[in-house]
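Work through the exercises below with the structure open beside the text. Each task is followed by a solution in steps.

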Amino acid sequence: MNDETKNLYDFYLNIATLLGAGIAFIISLHQWRRAQGWQRAEQLDKLIHKFETDELLRLVTLIIDWTDREITYRGQPFSVQNDEVLLALRDHSTIKDRPMFPGEQSTIRDSYDALLSFFNRLDVAITSDLIDAESAKSYFAYWLDHFLR
């Protein structure tokens with residue numbers, strides 16, 4: 001085999017190697033992006049699980065959904081009434097009476113605090129691209145809209 005033919009084979013072999021490396025890089029990049037999507041979905045699933053299983057968050061979803069209802073909370077009867085909810089959300093610095101939040105108002109207030117904390121955590125996850133905003137919106141928009149009303 002002469003040198004010219006050998007150089008031609010080396011040239012084609014180098015081209016094939018570079019094409020193979022390029023294809024492998026593209027496939028790897030595609031797989032990495034798919035894995036990132038799965039990880040985002042997994043993080044969203046963890047947030048949804050927390051939202052559905054946390055006692056205070058479950059309570060606040062009932063409070064948001066109903067204006068008057070009797071429920072069971074931590075094995076005890078719990079009354080959700082709109083006027084009590086509004087009283088529980090008063091500015092504590094303007095209240096002089098003791099106790100500031102009688103009856104179930106303190107628990108209602110704690111549940112709203114848990115919801116605000118959860119939505120803050122959700123916002124951080126969306127802002128930092130930990131989860132997909134549209135996917136989170138499709139699940140949590142109902143509760144956020146009702147909360148804001």
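Angles between axes under 35 degrees count as roughly parallel, over 145 as roughly antiparallel, 65 to 115 as roughly perpendicular, and the rest as oblique. The model used here is predicted.

**Exercise 1. Helix packing**

Task: Classify how α2 and α5 are oriented to each other, and then do so for α1 and α5.

Solution: 
- Step 1. Two packed helices are described by the angle between their axes and the distance between the axes.
- Step 2. Helix α2 covers residues 55–65, and its axis runs 10 Å from that of α5 at an angle of about 60°.
- Step 3. Helix α5 spans residues 133–148, and its axis comes within 10 Å of the α1 axis, the two crossing at roughly 15°.
- Step 4. With an angle under 35 degrees, α1 and α5 are therefore roughly parallel.
- Step 5. For handedness, α2 passes α5 in a left-handed crossing, and α1 also passes α5 in a left-handed crossing.

**Exercise 2. Salt bridges**

Task: How many salt bridges does the structure hold, and which part of the structure does Arg74 tie to α2?

Solution: 
- Step 1. The structure holds two salt bridges.
- Step 2. In one of them, the side chains of Lys50 and Asp54 meet at 3.3 Å, N to O.
- Step 3. Lys50 is partly exposed, with a relative accessible area of 32%, and Asp54 is partly exposed at 22%.
- Step 4. Glu55 forms a salt bridge with Arg74, where the closest N and O atoms are 2.8 Å apart.
- Step 5. Glu55 belongs to helix α2 and Arg74 to the loop between β1 (68–73) and β2 (76–81), so this pair ties together parts 19 residues apart in sequence.
- Step 6. Glu55 is partly exposed at 41% relative accessibility, while Arg74 is exposed at 55%.

**Exercise 3. Backbone angles**

Solution: 
- Step 1. Most residues other than glycine have a negative phi.
- Step 2. Arg74 is not a glycine, yet its phi is positive, about 55°.
- Step 3. Asp129 likewise has a positive phi, near 60°.
- Step 4. Asp129 is found in the loop between α4 (105–127) and α5, and Arg74 in the loop between β1 and β2.

**Exercise 4. A surface patch**

Task: Which residues form a nonpolar patch on the surface?

Solution: 
- Step 1. Leu8, Phe11, Tyr12, Ile15 and Leu19 form the patch.
- Step 2. Together they have about 500 Å² of accessible area.
- Step 3. Phe11 lies in helix α1, which covers residues 3–53.
- Step 4. Phe11 itself is partly exposed, at a relative accessible area of 46%.

Terms used:
Residues numbered from 1 in each chain as written. Predicted model: local features only at pLDDT ≥ 70, side-chain atom pairs only at ≥ 80, totals over all residues. Heavy atoms only, no water. Patch = residues over 30% accessible without salt bridge, like charges linked within 9 Å, V, L, I, M, F, W, Y side chains within 5 Å. Areas by Shrake-Rupley, 256 points an atom, 1.4 Å probe, with all protein chains shown as cover. Salt bridge = Lys/Arg side-chain N within 4 Å of Asp/Glu carboxyl O. Helix = DSSP H or I, 4+ residues; strand = E, 2+ residues; numbered from the N terminus. Buried < 20%, exposed > 50% of the residue type's maximum accessible area, 1.4 Å probe, protein only. Axes fitted to C-alpha atoms, helices over the stretch in contact; angles between N-to-C directions. Left-handed = near helix turned anticlockwise from the far one by under 90°.
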